[in-house]
There are 4 protein chains.
Amino acid sequence: MQEKSEETLFHHELPAQLRWSDVDQFGHVNNNVYFSLYDMCKTRYFIDVAGEDIFQRITIVVANINANFIAPIYYPDEIVIQTTMERIGRKSFTLLQRAINARTREVKCECRTIMVCYDREQGCTILMPDDVRQKIAEFEGREFG
Amino acid sequence: MQEKSEETLFHHELPAQLRWSDVDQFGHVNNNVYFSLYDMCKTRYFIDVAGEDIFQRITIVVANINANFIAPIYYPDEIVIQTTMERIGRKSFTLLQRAINARTREVKCECRTIMVCYDREQGCTILMPDDVRQKIAEFEGREFG
Amino acid sequence: MQEKSEETLFHHELPAQLRWSDVDQFGHVNNNVYFSLYDMCKTRYFIDVAGEDIFQRITIVVANINANFIAPIYYPDEIVIQTTMERIGRKSFTLLQRAINARTREVKCECRTIMVCYDREQGCTILMPDDVRQKIAEFEGREFG
Amino acid sequence: MQEKSEETLFHHELPAQLRWSDVDQFGHVNNNVYFSLYDMCKTRYFIDVAGEDIFQRITIVVANINANFIAPIYYPDEIVIQTTMERIGRKSFTLLQRAINARTREVKCECRTIMVCYDREQGCTILMPDDVRQKIAEFEGREFG
C-alpha cells in the first residue's frame, strides 16, 4: 500500500463535530463512529467537487473499506476529516481519508474506501462520468491515469 | 397522566439487542439509544397488529415523546420493550412503551409517544383508517372511545 | 406547560453537524438523532456555563424528556441547537432546548429535559451546588426562585 | 488474502437485530452500522470463548479493519453475524467476520479485523495470554501456529 504522508496532498478538510453518544466506556470515540464521520465527508467531497446534484446523477456504492487505527480519539478532541481521491481506475476508484487532531495534526486514523459508480435503473456498475472525473482532477490538481 | 401499572396490559413484547456502541462512559446505555429501541418496536407493533403493508398504506408521524427514565440500563442487561396502544383520539393516538429488565421485570423507562396519521400526497394529517383502528382494538382486547 | 417563545431568551446556541447516517428512508433526520444533538448541547451548556470540570464535580442524570416534534429536519438542513435553563427547583431542574433552522429560524423541535444532580459515591440525588446555580443565574441573566 | 469459504468454519453465530434507525435513504442498512454489529459480536465471541471476565483481564484494541461489501442489507432482512479467529500471530491476531442472510445464507459482507492485546497500566501492547489462546484453539478446533 503506497503511503501519502504529505499534509498538503489533502485539499478537502472538514471539522467533525463529536457527540457525547459517540464515546464508549473507555472515553474513546467508538471505532464505528469514524465510519459515520468518513461517510459524512465523502458525501461533502463529492458535492463540493462534483456539484450539488451529483447524487441525483449517480449512485456511488462502497465495495471495500480498509482503515488503520493509529491512535485513539478522546472526547472532546477536535477532529478534522481529510479526504482526497487517490486513484480512479476503470471500474472503481479509491478515496483516502484521515481523521486528524485539528490542533496537533496528529493522524488518528487513515482509511481507504474503494467505491464504484452504479446505475440503479439498469442494476449494474458504470464508469465514472467524464465530467465528474474531470472535476475531480481539477480539484486535486493532477491527472488520474 | 393516567398510570398503567399492570404487567398484563402489555400484549406486545420484543427483546431488544444491545450493542457495545450503545454504552456511554459510565457503562450506561445512552438515553438516546432508548428511542432507537422504542422506534424499532413501534414499527414492529404496527406491522404485527395492522399488517405487513401498513407503512405502504399510511405514514405515521411522531408529534410528542415523553419519557420517564426510572433506572439506568447497563450493558449487557437483557432488555425487553413492551408496547401498547393507550389512546386513540380523533386526531392523534398515544403509544405507551416500557423498557424492562427481561429477568427481574424491573421497569427502566416508560415512554408515551403521541402520533398522527399523515397523508404524504395531500400533505395533511388524516384519521386513522377504520380497519387499522379495529385491528388494534382486537389486538389490545378493548375498545378505544 | 408555559411557553417561552421569544428568541432572545436563548443565550446558548450551537450549530449541530448532521451526518449522512442520521437520515432515515424518508430523507428525514431520525427522531432519535435529535436526542443525541440535545445531549451534545447539554454537555456543552454545562461546560460553557459552569466550567470545564463540572462533570468531574457532579453527575447529572436525566429524569424526564418531553419533546414536541414540530416540523421535520431534512438532510442537509443547517440546524442550530438552542439551550436555556428554564427552572431550578429544590430537587430537579429543567433545561429547555430547541432545534431550529439556522437560516430561517424555524423551530423544528422543542424539548424539555428534567434532570437531577447525583452523587455516585453516596448513590443518592443531591442539591445543585450553590456556585453552579449562581453561574447559571449569571449566564441566563435572571434569578431562579 | 486467503479465502475461508466453507460455512462450517464458523463456530460462532449471533443473530443481529436491525433497528429502523440503521437504515439510510435508499432503504439500505448503513455501512457503518455493520461495524456496530461486528463489534457487538466480537465482544460476545471473546466472552463466549474466553470467559465473562476477559475484558477485566485484558484490553483488546483494533489496529485495522478491512471489509468487503458484497451485497446490500435491506431492512428488515434477518441477519446473522459469524465470527472466527483466523490467525494468532506474535503481536496481533485477526478475526474474520461475515454478515449473512439468516435464511438464504447469502454473504452480505466479509470483514477482517486485526487486533492487539494492550496493557492499560503499562501503556503498551502485550502478548495474548496463553490460556486465552488455548481456549480459542479449543473453541475453533485447531491450533494457531
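M85(C) is a buried residue: 21 other C-beta atoms lie within 10 Å of its own, and the cut-off for calling a residue buried is 20 or more. Keep in mind that this is a predicted model. You'll find M85(C) in strand β3 of chain C, which covers residues 79-88. So who are its neighbours, once those within four places in sequence are left aside? M85(C) is in contact with F93(C), L95(C), I136(C) and E140(C). N30(C) is another story: that residue is 55 positions from M85(C) in sequence, and the two C-alpha atoms are 25 Å apart in space.

**Inside the core**

Let's move on to the nonpolar core. In soluble globular proteins, nonpolar side chains tend to be buried together. Here, the largest nonpolar core has 124 residues. Which residues have the most contacts inside that core? They are L37(A), L37(B), L37(C) and L37(D). Take the copy in chain D: apart from neighbours within four places in sequence, L37(D) is in contact with A16(D), I81(D) and A99(D).

**One chain on its own**

Now pick out chain A. How compact is chain A? Its radius of gyration is 16 Å, close to the 15 Å that the globule rule gives for 145 residues, so chain A is as compact as a globular protein of that length. Along its principal axes, the C-alpha trace spans about 45 × 30 × 30 Å.

Of the 145 residues in chain A, 34% are buried. Contacts also reach across the sequence: among those in chain A with a separation of 6 or more, 64% are between residues 24 or more positions apart.

**Where chains meet**

Start with chain D. A rotation of 180° with 0.0 Å of shift along its axis superposes chain D on chain A, with an RMSD of 0.0 Å. That is the relation of a two-fold axis. In chain D, the C-alpha nearest to this axis belongs to N66(D), at 2.1 Å.

What about the contact itself? Here 13 residues of chain D are in contact with 13 residues of chain A. On the chain D side, α1 (31-50) and β2 (59-69) each supply at least two residues, and β2(D) gives the most, with eight. Through which surface do the copies meet? 100% of the interface residues of chain D are also interface residues in chain A, so the copies meet through the same surface.

The strands join in as well. Strand β2 of chain A (residues 59-69) pairs with β2(D) in the antiparallel sense, over five bridges. One of the places to look is N68(A), whose bridge partner in β2(D) is N64(D).

Then there's chain C: eight residues of chain A are in contact with eight residues of chain C. Here's how two of these contacting sides divide by residue class.

| Chain D, touching chain A | six residues | six residues | one residue |

Notes
Residues are numbered from 1 along each chain as its sequence is written. Chains are lettered from A and ligands numbered from 1 in the order in which they are written. This is a predicted model: local features need pLDDT of at least 70, side-chain atom pairs count only at pLDDT 80 or more; totals for chains, interfaces and linings use all residues. Copies are superposed by least squares on the C-alpha atoms of residues with pLDDT of at least 70 in both. Two residues are in contact if their C-beta atoms, placed from the backbone, lie within 7 Å. Helices (H or I, at least four residues) and strands (E, at least two) are DSSP runs, numbered from the N terminus. Ala, Val, Leu, Ile, Met, Phe, Trp, Tyr, Cys and Pro count as nonpolar, Asp, Glu, Lys and Arg as charged, and the others, Gly among them, as polar. Two strands pair if DSSP finds at least two bridges between them. A nonpolar core is a set of buried Ala, Val, Leu, Ile, Met, Phe, Trp, Tyr and Cys residues joined through C-beta atoms within 7 Å. A residue is buried if 20 or more other C-beta atoms lie within 10 Å of its own, exposed if 12 or fewer, and partly exposed in between; C-beta atoms are placed from the backbone. The radius of gyration is taken over C-alpha atoms; the globule rule is 2.2 Å times the number of residues to the power 0.38.
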